[in-house]
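Dear colleague,

I am handing over the structure that we talked about, and below it I have written down what was found. Please read the notes with the structure open beside them.

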Amino acid sequence: MDFQRPEFERMMEDISLKRVNCIIVKDLSRFGRDYIETGRWIQRIFPALGVRFIAVSDRYDSKTAADSETSFLLPIKNFINDSYCRDISQKVRSCQRVKWEKGEFIGAFSIYGYRKSEKDPHRLVKDSYAAEIVKKIYQWKLAGWSMLAIADQLNQKGILSPMEYKRLNKENYFTGFGLEGCAKWSAASVKRILENETYTGTLVQGKKERISYKVKQSISKKKEEWIRCFDCHEAIVTKTEYDMVQRLLCMPVRMKKDTNKIYPFTGLLFCADCKKPLIRRVNRYKGRERVFYICSTKNKGLGCSRHSIEEDILEEQVNQAVKQILKVEKQQKTTESVWQTDQKEREKILEEELEKLKIYKKSYQKLYASLEESQVNGVLTKEEADSFFQIWKRQEKGIEEAIIKQENSKIEEDFTELIERKQTFFIIKRIEVEEGGSFCIILNNGEKYKA
């Protein structure tokens, strides 16, 4: 279907240099299957270039063909070849859809946090080490961290990016991004993980589709059209955690000064009358700082009233309400106990990955030796060998840094911050502040709590 083929282009270059004056193919389908383009080449371009075209099985020779063959039989055969492609394309799409609906994974590579099952490559199984990193990413986000802060934290601790982790595990992974050194975590890579529903155990496929069987370019489909198959594999995060993170991602984010964490009430405070968000204001006077929230409508001079409330008072009352509703103190104790129980298993997983990194670093010595051998045997020039050496050296340096960082640090959590932030978003949908400083907490289950 495509004439942008390397060898076809090389042939056309030879034709332009007068090295070729006759093209012979087994049949017309071997030349091309695009009805319009194939006819244009055979009937217009080749005659203009003085090139003879022969299709052996189809008994066509442009030098001896009658007008009836060129104008009637040739287009019909090209049209049949084109139709064959369309038919195959429809069958492939139909087969893909059946597999998607059955919950069979048909991607070339598994996402970070999972790997393909050795027993059944159409099933995803959890990758213990990467799954722990995914959990931390979700926990940090629920604790109020920005995506950039999460990426920086992962890089500081020497955690390999998804790209480098696939290299470490010797996966034949290809990316369109040009990477010569050791790839690092970025806000974009963190966001892709936070937005991926697959981590809840739901297999999501069919996100894109080809524009046409004649065009390689794909377009994104609407989320409602994606094929979802629930409970296909073990979940890394709960559906509730995933939904809370999606809420956070949709909220306008304002960061605390000199930190990478968002303010605790971001996206939760609204005016009880006009229903618009409250905005944060800081009043500084004689070295003292007073933080409060006011109605955004009033702040723009568009009516309503201030609905002012101090941040300290609001924070104290909301914390009391959260503890009263779900008895957070008891839940926090239980969560810390679970963490301590699982800590030894986590440390074991991290140690195993550290050993993998050290083995991976040693593999570069073999690569350098192969460069010398290739240069001696004339396979590579000195310039080519030097180029490979510089690329591999940068990658090796990145691995060395990762080893040092992982040996000197552990992924630890601030339990108080994590749990309080998570519980706030798990139970509270919004807080509506009334004139005079009182407010109403609206829970995710629809219940209201007056404070």
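Which residue with a positive phi follows H6? That residue is Gly158, whose phi is near 75 degrees. Please bear in mind that this is a predicted model, in which local features need pLDDT of at least 70 and side-chain atom pairs count only at pLDDT 80 or more, while totals for chains, interfaces and linings use all residues. Residues are numbered from 1 along each chain as its sequence is written, and side-chain values use heavy atoms, with hydrogens and water left out.

Helix H6 spans residues 147-156 (helices are DSSP runs of H or I, at least four residues, numbered from the N terminus). Among its buried residues are Ile150 and Leu154, where buried means under 20% relative accessible area, exposed over 50% and partly exposed in between, with a 1.4 Å probe and protein chains only.

The largest nonpolar core has 44 residues, of which Tyr112, Ile137, Tyr138, Trp185 and Tyr199 touch the most other members; such a core is a set of buried Ala, Val, Leu, Ile, Met, Phe, Trp, Tyr and Cys residues joined through side-chain atoms within 4.5 Å. Its largest share, nine residues, comes from H5. Leaving aside residues up to four places away in sequence, Ile137 touches Ile150 and Leu154, among others (contact means heavy atoms within 4.5 Å).

Finally, the structure holds zero disulfides, a disulfide being a pair of cysteine sulfur atoms within 2.5 Å. The sulfur of Cys274 has its closest cysteine sulfur in Cys295, but at 3.5 Å this is too far for a bond.

Best wishes

Technical notes
Helices (H or I, at least four residues) and strands (E, at least two) are DSSP runs, numbered from the N terminus.
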